[in-house]
Amino acid sequence: RHAQGSIQLAQDPELDRARLASTLDDLRETRRLLPPDPYLSYATDDGRSSERIHTGAPPEPDWAVSRIQAAGTDRDLVGIYAAGDTFAGFANSLGQRNWFQSTTFNFDWSFYRQADKAVKNSYAGRGWDDEAFSAKVEWSGRQLEVLARPPVDLTPDLYRTYLAPAALQELVDMMSWGGFSLKAHRTKQTPLLKMVTEGATLADGVRLSEHTAEGVAPNFQEQGFARPDEVVLVEGGMYRDCLVSPRSAREYGVPTNGASAWESPDSLSLAPGDLAAAKVLDELGTGLYVGNLWYLNFSDRAACRTTGMTRCATFWVEGGEIVGLAPEVTVAGNVHDLLARLVAVGSDLMWVGSR
């Protein structure tokens, strides 16, 4: 039997202890009335205590703001900058103690031109690289200039397309809605059903993993079970492993790999390929450059079919040069098939966000 609750700490020790005591009394009373849970699982092994601290080196706030202000000189810039520490801890009455700390920064911004015309970009990580930030600002500036040109008319057709990291993230996030969950696989509710039941594959260059060691999520989950440094989910385009919560492990009689109760990735990583960022337009040649997507949702979950729209600067490229702004495009298709037709994956590993 189990019950759970939460409180907001007031940073007043006397008040916080009183709230905790009251919450604990309420939980014990509630637990007495609940039925037994056959899949209840919590960490009991020795040696589960741990401490992992990623200190990072974000810039001083005033310096970061000055660089951001400089980037917005003679431009209409709007964005959010956040930096600092995030913490997670776990303790139980068996003596287990886990602590996690990560220092990161995240700057999400847009250069706005007029009406609904803007370009969007982001820069995140543990340590600020001014050269990398300047390169992103310069690229956004180039895109902003293109918005002043007349838009390009396109007819419905098949076009060679480049998905910027932010756009690809949106699609991969959709796959994460049950795509890597053991329970979703066993109950045939995963959007990657074709990979499970028919042996369908993605492009050879696709390697997806839950990369806890390099991410910003704790290396333990809410019941105190440890997470390995990495769980490879897709390798060489073929499905390899699931995320298994302690509850699913007990239900299906398999080992847990420290997944959260909802069995979705917290530190999803796509391994880099061999396409350098500086060569993207040349390799694209003629086609669409999609900067971002939004309003994505499943239209047919079992078939991994989604619908959505392009957002914030989708460009038409000819001969490796941006010609002009493409019209908004409806995205409707099978994400699995799209990733199966990948020609290349970018070689520059980057963070597209952080906690």
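## Cavities inside the model

A cavity is a set of grid points where a 1.4 Å probe fits but cannot get out. With that in mind, welcome to this structure, which is a predicted model. It holds two cavities of 30 Å³ or more, and about 60 Å³ of space lies in the largest cavity. That largest cavity is lined by 13 residues. Those nearest its centre are Glu 210, Arg 227, Leu 243, Asn 257 and Gly 258. Sorted by class, its lining has four nonpolar, five polar and four charged residues.

The second largest cavity has a volume of about 30 Å³. Around it you will find Leu 168, Val 172, Val 206, Leu 208, Leu 270, Leu 339 and Leu 342. This lining divides into seven nonpolar, no polar and no charged residues.

## A sheet of four strands

Next, let us look at an open sheet of four strands. Its order is E8-E7-E6-E9, and the pairing is antiparallel. Strand E8 (238-239) and strand E9 (268-270) stand at the edges with a single partner strand each, so one side of each has no neighbour in the sheet.

Strand E6 (residues 208-210) runs antiparallel to E9, and three bridges join the two. Here Leu 208 stands opposite Leu 270 in E9.

## Aromatic rings

The structure holds 20 aromatic pairs. In one of them, the rings of Tyr 289 and Phe 315 have their centres 6.5 Å apart and their planes at 55°, so the pair counts as tilted. This pair links distant parts of the chain, with Tyr 289 in strand E10 (residues 287-300) and Phe 315 in strand E11 (residues 305-318), 26 residues apart. Tyr 289 is buried, with a relative accessible area of 8%. Phe 315 is buried too, with a value of 0%.

Elsewhere, ring pairs link Trp 63, Tyr 81, Phe 105, Phe 107, Trp 109, Phe 111, Tyr 123, Trp 128 and Phe 133 into a cluster.

## A look at Val 323

Our last stop is Val 323, found in strand E12 (residues 321-325). Val 323 is partly exposed, because its relative accessible area of 34% lies between the cut-offs of 20% and 50%. Leaving aside neighbours within four places in sequence, Val 323 is in contact with Arg 149, Val 152, Trp 316, Val 317 and Glu 318. Val 323 and Ala 278 are 45 residues apart in sequence, and their C-alpha atoms are 17 Å apart in space.

Terms used. Residues numbered from 1 in each chain as written. Predicted model: local features only at pLDDT ≥ 70, side-chain atom pairs only at ≥ 80, totals over all residues. Heavy atoms only, no water. Phe/Tyr/Trp six-rings, centres within 6.5 Å; stacked < 30°, edge-to-face > 60°. Buried < 20%, exposed > 50% of the residue type's maximum accessible area, 1.4 Å probe, protein only. Pairing = 2+ DSSP bridges. Contact = heavy atoms within 4.5 Å. 1 Å grid on protein atoms, 1.4 Å probe; cavity = no way out; pocket = protein on both sides within 12 Å on 5 of 7 lines; lining within 4 Å. Points joined across faces, edges and corners; volume = space filled by probe spheres on them. Nonpolar A, V, L, I, M, F, W, Y, C, P; charged D, E, K, R; others polar.
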